[in-house]
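Me: I am new to this structure and would like to learn how to read it one feature at a time. Could we go through it together, with the general idea given before each case?

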Amino acid sequence: MSFLIGLIVALFSAVGLAWLVRQDAGYVLITVGNWTIETSVAAALVIGVLGFFILYKLIRYLGRLLRMPGTLRAISTRRRERKAARLLALGQKALEEGRLQAAESAFQKGIVLAETNRALYFVGAARAAHRLGAKDRRERYFEQAAKLPRDAVAIVGIARAEMLLEDDDVEGARKVLHDVQTLAPNQPRVLELQLEIASRIGDWDHALRLLPELRKRKLLDESGFHDGQIQVHRERLASTTRRGVAADVQRAWNGVPRALRNEETLLIEYVGSLREHDPAEAEKVLKAALAQKWSNPLCIAYGQLGRGDPNAQLATAEGWLSVHKDNPWLLLTLGRLAARAHKLDKARAYLEASLKITPMADTYEALGALLEEHDSPAAVTFYRAGLRLLTGRDEVHTGEALPAQKSLAT
């Protein structure tokens, strides 16, 4: 476009100049010392234009000549960068394919050639050495990478922390991530690794603080955040149970958001923790939850309390039959409670009724245990049926229990 505009301007200028010269050719007189030059205006203009273009070209060529060393250096740098980029791609490909020595070699050559993004080459070489089991070589790469500019801190530190975690060096990884957080804060991957470390060492309070940050940075969606909260609170409750302090269990439960307290998995974990210290409260919690909303897992948990008055619990569970008459999980729970209450025939009847509706390995196991307790040879048959059901072999589709033996109470 600019060339076209210049051409049009030149044509109009030439037409105008020709018209002026035709009207009055004029002359130009130049005197320099003893020299006198006289010519027409048209000739002077032509000479001037030609001289301008010749001088312009000479200046441009001289500029190019002066810039030649820099241009050659730039060309050499581009060639090195292109070669380094090819080596980076080759190294990554070899690393993914498991050709670790070839990968390390490619990254080593790239370290020498690369002018930019050198951290990627050091990290790649360190990762190849790590997978080869050459930890000393890996650490040498990281020591060299530590001399890179500050913008490489995050890439190098995160990669090193990942490898240390693979070696189960949790404390070493924690220190590296602390340094990264100090020098290059607000790195999303750092938060993910910190959550992994908190989970490994059982620092559930820290894990709970990290979850909102991960959601804020879009590393967790609402579903992932919800599941993460449930998992962390479950682990927190389990850890308090292992410590065996009742106050810690209650404190952990008080830390659970109200919106999550009706989650079945959390309720079951809480009741499992609570029954060791306050079985009456554990039973109360389960009964209240089941009264609010029926849940098969909570019903099973009620039958597995193993604490309290089994006769009273059996009476409570039998009250649920009016609404959930053919519920196999309720029948399994009734069978377990009846067995605890030493009502053996009733226990067997409930368990066999459960099997007729839905065969379940747990029901076979409970019935086998009941028969084994009274030296019945049929116990082995029920155990085998449950095992076949678990392994998917000869699955019992009809749910028919074996014919009853003589009364267990006699």
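Me: Where is Gln313 found, and is Gln313 buried or exposed?
Reply: Helices (H or I, at least four residues) and strands (E, at least two) are DSSP runs, numbered from the N terminus, and Gln313 is found in helix α15. Buried means under 20% relative accessible area, exposed over 50%, and partly exposed in between, with a 1.4 Å probe and protein chains only; Gln313 has a relative accessibility of 0%, so Gln313 counts as buried. This is a predicted model, in which local features need pLDDT of at least 70 and side-chain atom pairs count only at pLDDT 80 or more, while totals for chains, interfaces and linings use all residues. Residues are numbered from 1 along each chain as its sequence is written, and side-chain values use heavy atoms, with hydrogens and water left out.

Me: Which residues is Gln313 in contact with, leaving aside its neighbours within four places in sequence?
Reply: Contact means heavy atoms within 4.5 Å, and on that basis Gln313 is in contact with Glu283, Tyr302, Leu305, Arg307, Gly308, Leu337 and Arg340.

Me: What does Arg340 touch, not counting residues up to four places away in sequence?
Reply: Arg340, which is found in helix α16, touches Gly306, Arg307, Gly308, Pro310 and Gln313. The C-alpha atoms of Arg340 and Gly306 are separated by 8.1 Å, although these two residues are 34 positions apart along the chain. With a relative accessible area of 27%, Arg340 is partly exposed.

Me: How many aromatic pairs does a search of the whole structure find?
Reply: A pair of aromatic rings is described by the distance of the centres and the angle of the planes. Rings of Phe, Tyr and Trp (its six-membered ring) pair if their centres lie within 6.5 Å, and planes under 30 degrees apart count as stacked, over 60 as edge-to-face and the rest as tilted. The search finds four such pairs. In one of them, the rings of Trp294 and Trp320 have centres 5.6 Å apart and planes at 75 degrees, so this pair is edge-to-face. The pair links distant parts of the chain, 26 residues apart, with Trp294 in the loop between α13 (279-292) and α14 (296-303), and Trp320 in the loop between α15 (310-319) and α16 (328-340). Trp294 counts as partly exposed at 22% relative accessibility, whereas Trp320 is buried with a relative accessible area of 16%. Trp294, Tyr302 and Trp320 form one aromatic cluster.

Me: At what angle do helix α12 and α14 pack?
Reply: Two packed helices are described by the angle between their axes and the distance between the axes. Axes are lines fitted to C-alpha atoms, for helices over the stretch in contact, and angles run from 0 to 180 degrees between N-to-C directions. Helix α12 (residues 264-274) and α14 pack at about 10 degrees, with their axes 10 Å apart, and that makes α12 roughly parallel to α14; angles under 35 degrees count as roughly parallel, over 145 as roughly antiparallel, 65 to 115 as roughly perpendicular and the rest as oblique. Here Glu264, Leu267 and Ile268 in α12 meet Pro297, Leu298 and Ala301 in α14.

Me: How do the axes of helix α4 and helix α6 cross?
Reply: The axes of helix α4 (residues 118-131) and helix α6 (residues 153-166) come within 9 Å and cross at roughly 10 degrees, and α4 and α6 are therefore roughly parallel to each other. The contact is made by Ala119, Leu120, Val123, Ala126, Arg127 and His130 of α4 and by Ile155, Val156, Ala159, Glu162, Met163 and Glu166 of α6.

Me: Which element has the lowest mean pLDDT, and which the highest?
Reply: The term pLDDT is the predictor's confidence in each residue, from 0 to 100, and where pLDDT is low, the predicted coordinates should not be read in detail. Helix α1 (residues 2-23) has the lowest mean pLDDT (62) among the elements of the protein, and α6 the highest (95). Over residues 395-410 the pLDDT is below 50, and this stretch has 31 contacts in the model beyond near neighbours in sequence. The protein averages a pLDDT of 84, and 84% of the residues score at least 70.
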